[in-house]
Amino acid sequence: MKKDIKVRSLNLLSGGLDSILSVKVLMEQGIEVTGITFTSPFFGSANAEKGAAQLGIKLLVVDITDDHLKLVKNPPHGYGKCMNPCIDCHALMVQKACEIARRDGYDVIATGEVLGERPMSQNRQSLDVVARESGGKDVLLRPLSAKLLPPTRPEEEGLVDREKLFGFEGRSRKPQMALAEKLGIKSYMQPAGGCLLTDPAFSDRLRDLFSTDKNASVEDIKLLKLGRHFRLSNGAKVIVGRNKMENEKLNENSNIVRIEPDIIPGPTVLLIGSQTTEDIELAAKICASFSDHNNNDIKISVYMGSDPAVGFNVTPVSRGEFEKMRI
């Protein structure tokens, strides 16, 4: 490394082992590292904040909701096993990091990516795509696999000592775990955690939402995280709260048809889309079925915006009758 030059690196930090190691490896060279992490309706910053605290580094938290939602709706490189557009997501994050790095004078952008660790998003072709399409090809460093990849400009200029980087490859994490022990890293997030887009159940709900509403908003996405979801035959959707916390969250949606039983315990139910009498009655039956009904008729109250509640009695039916509608 060049003498008397303070090198600064902006590292993408998820809080997982690989990203923590990539920070630590550069810090071992005397490089000043700042972490950067991103938030959207599909992932937050909690794990990255824990990782940054453990490493003792500054962390930038950047909300990419608008750009990320557009990408998830139409990813140029497609999805993984679920609704996760990992290649495009990584490219977007590196692109955002590049913009900040250029603005604030960072010399290096680094990630914890390991060649071949994830078949779709970390094969050689995918790593090249991320580097090229993010606009960071000349400065994007993968410290854990750098010796298997072409040298970057920071390496060629002596800002980063390539000999002190690594050549990890493949899905085994044993080399990373051994390095973590050597560097004194004791805690880190387990792999495949943190992103809802890799969750099969959430992905089913998201896929269903996009198929019925191409203009789905951030608020629509947030509702996917709550309750049980049912799709009615005409396209309307019913969401049933599962506990007190979810009921309270659903109750915040005063602009959507809300249905509640007059007995406790019982769920708050949202009816999204159609507001026909038939759909309201069906949503009310679903509400009754998830209430403490003891096979007795239940009085249901229906709230439509600021209008007074409308009440009527509903005879509960077996929950099994609604399973075919469940998303």
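A crossing is right-handed if the near helix is turned clockwise from the far one by less than a right angle, and left-handed if anticlockwise. With that in hand, helix 4 passes helix 5 in a right-handed crossing. Bear in mind that this is a predicted model, where local features need pLDDT of at least 70, side-chain atom pairs count only at pLDDT 80 or more, and totals for chains, interfaces and linings use all residues. Residues are numbered from 1 along each chain as its sequence is written, and side-chain values use heavy atoms, leaving out hydrogens and water.

**Helix 4 with helix 5**

- Helices (H or I, at least four residues) and strands (E, at least two) are DSSP runs, numbered from the N terminus.
- The axes of helix 4 (residues 86-104) and helix 5 (residues 124-133) come within 8 Å and cross at roughly 35°; axes are lines fitted to C-alpha atoms, for helices over the stretch in contact, and angles run from 0 to 180 degrees between N-to-C directions.
- On the helix 4 side, I87, H90, A91 and V94 meet S126, V129 and V130 of helix 5, with contact meaning heavy atoms within 4.5 Å.
- Sorted by class, that contact has five nonpolar, two polar and no charged residues (Ala, Val, Leu, Ile, Met, Phe, Trp, Tyr, Cys and Pro are nonpolar; Asp, Glu, Lys and Arg are charged; the others, Gly among them, are polar).

**Helix 3 with helix 4**

- Helix 3 (residues 65-73) and helix 4 have axes that come within 10 Å and cross at roughly 155°.
- That angle makes helix 3 roughly antiparallel to helix 4 (under 35 degrees is roughly parallel, over 145 roughly antiparallel, 65 to 115 roughly perpendicular, the rest oblique).
- This crossing of helix 3 past helix 4 is right-handed.
- D67, H68 and L71 of helix 3 make the contact with D88, C89, L92 and K96 of helix 4.

- Six strands form an open sheet in the order 6-7-9-8-10-11, with antiparallel pairing; two strands pair if DSSP finds at least two bridges between them.
- Strand 6 (228-231) and strand 11 (310-314) are at the edges with a single partner strand each, so one side of each has no neighbour in the sheet.
- Ignoring direction, neighbouring strands of this sheet are turned by 25° against each other on average.
- Strand 7 (residues 237-240) and strand 9 (residues 269-272) pair antiparallel over four bridges, and V240 has V269 in strand 9 as its bridge partner.
- Helix 8 (residues 200-212) lies across strand 6 and strand 7, at about 35° to strand 6.
- Helix 10 (residues 244-251) packs on the sheet and touches strand 7, strand 8 (257-261) and strand 9, its direction making about 145° with that of strand 8.
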